[in-house]
Amino acid sequence: MTTDIIEDITEAEQGSSLWHDAWLRLRKNRLALAGGMLLVAFTIIALLTPWIAPYAYDAQNLDLGASPPSAQHWLGTDIFGRDLLTQIMFGGRVSLAVGFVATSVALLIGVTWGAIAGYVGGKVDAVMMRLVDIMYALPFMIFIVLLMVVFGRNILLLFLAIGAVEWLTMARIMRSQVQQLRQQEFVEAAISLGLPPSTIIRRHLIPNALGPIIVYTTLTIPSVMLLEAFLSFLGLGIQPPQTSWGLLISYGAETMEEFPWLLIFPGLALTVTLFSLNFLGDGLRDALDVRRSKD
Amino acid sequence: MWRFVGIRLLQAIPVILAVITVTFFLVRVAPGGPFSAEKAVLPEVKAALEAQYRLDLPLFQQYTAYLGDLAQGEFGPSFKYPGRSVNELIGAGLPVTAELGFYALLVAVIIGGFAGVIAALKPNTAQDYIPMTAAMIGICMPSFLLGPLLVLVFGIYLDWLPVSGWGDIPGDKILPAITLGSGYAAYIARLSRAGMLEVMSQDYIRTARAKGLPEWEVVVKHGLRGGLIPVVAFLGPAFAGLLAGSFVVETIFQIPGLGRFYVQAAFNRDYTMILGTTVFLSTLIVLFNLLSDILAAWMNPRLRAQFGEN
């Protein structure tokens, strides 16, 4: 008898779970799903690149030089006779890594900052969010250029600098979420149980604010990747011997008159990835119904 | 309303001061002095140079002296080109960049706004999907890719438009303006679509329709004002983005504007030039943000009421 009831309850819980509903909705959105699958494929390729790339990263063939796509080199070769597909695969590793790592930095700072501000409230909140407002007004694009000039073009710094820019919106979203959640009974219950604030934030607040965080994260990755490509294009980001899609596009643009494939294929790789991330982000927003739950 | 403007102005001051301070000290802790690349110079010459750039003073005095210069609108001399001052370079580059930015913004607002409003009038039809898909492409296509592609197609293959320069050959301003503006056109299209969708479902629109107004008048007179508030609020951040975008576009099209100077200064490690330009551009951006906030607040009657208009 009791087990029946428990089964009923678990069934009901599963049926109406937010994540299950969201998945059902997302599955209907073909563009978002296609975007997600492409991203998974690109990520797997990026992880396996050292083993599956058709040529060695530094393999040159100066006799061949720049050649259009062919059976040996599917996407052609650059002026040093390097295989473009190999270059794009290795460049993708860097571009995706910058996207994921810098977004994680932003996520970590933003969620912690917003959660503390929203949970503690009062003067602490006012000071913390005023700081965010001030930083919002700072022209960060210019600052990143400045940072890269002053401290040299260092990939670790690039992660930190981009992450430090992108956390602001995350903090605002997290704060408004926490402020809403704080009013709810289960948080009051947790407080009256005597749980320390750090546990409440970690166990109760962050998991319940996960929807907006996921959506915003998915939409932050493309803007981070764009920023990296932008800096690399100007020559202020990734430096040779490393490469990234932005750097490949920059080289391609120099020789596009004679060898247009050197511009088109890296450009395609970047655009398709950004497309996928944006469609997935939009799809997740609809699926998790983020906008309505905010109202 | 004036209170709102006053509060915003007061908020802008610490931001600008923070920019100046952070930039100044960042540039000062940068490795490598301004003259380290040159061959060994006589001690007297070095001392004279250091005195000229005030490098002989303690750091904090350098900072206060710099603030004093700035207050008089003096951005200081260039490290790399001793004869030139940052003011001269800004004076030469700003009009060009301002013109480019203006055309780009025009492209963005006209195309983006039009596409967004059209899409919002018939949501979830082809009239909505086609412009919005185009907008998605615009967002995902960075200017440093779009620029070379446009040059390749319209400049080289079709040979319709010049591929570089500014004001030398008729038509050489078209490609840079489109390159810089299209990304913002895409954002504005999405913003104005969302804004219009929300406004067009409001009661006052139904009232306007019930009055028997023709549909275009409902849209233009009653819809646009509310629906475009998000677009106006976006113009401030867009301006900052346009400036950064001008770095790329001016480099691609070899336009002698502020953006190209900035990138060159970055490459040359011309620290005073970077410092001066950063301070100048940042102030400009902060002021523009302020302007767009005020404009958006003025367009929004609820906000106006909140700050006790009349």
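**Close-up views of a predicted model**

**View 1. The loop holding Q254(B) in the predicted model.** Between helix 10 (229–252) and helix 11 (258–268) of chain B runs a loop, and Q254(B) is found in that loop. The phi of Q254(B) is near 50°, a positive value in a residue other than glycine. Most residues other than glycine have a negative phi. Q254(B) has 13 C-beta neighbours inside 10 Å and therefore counts as partly exposed, since a residue is called exposed at 12 or fewer and buried at 20 or more.

**View 2. The side of chain A that touches chain B.** The contact draws 28 residues from chain A and 33 residues from chain B. On the chain A side, at least two residues each come from helix 5 (122–137), helix 6 (140–151), helix 10 (210–234), helix 11 (245–254) and helix 12 (261–288). Helix 12 of chain A gives the most to this side, with seven residues. Sorted by class, the side of chain A that touches chain B holds 24 nonpolar, three polar and one charged residues.

**View 3. The helices of chain A.** Chain A has 13 helices and zero strands. Along the sequence, the pattern of chain A reads α-α-α-α-α-α-α-α-α-α-α-α-α.

**View 4. Burial and contacts within chain A.** Of the 295 residues in chain A, 44% are buried. Among contacts in chain A between residues at least 6 apart in sequence, 69% join residues at least 24 apart.

Key: Residues numbered from 1 in each chain as written. Chains lettered and ligands numbered in written order. Predicted model: local features only at pLDDT ≥ 70, side-chain atom pairs only at ≥ 80, totals over all residues. Contact = placed C-beta atoms within 7 Å. Helix = DSSP H or I, 4+ residues; strand = E, 2+ residues; numbered from the N terminus. Nonpolar A, V, L, I, M, F, W, Y, C, P; charged D, E, K, R; others polar.
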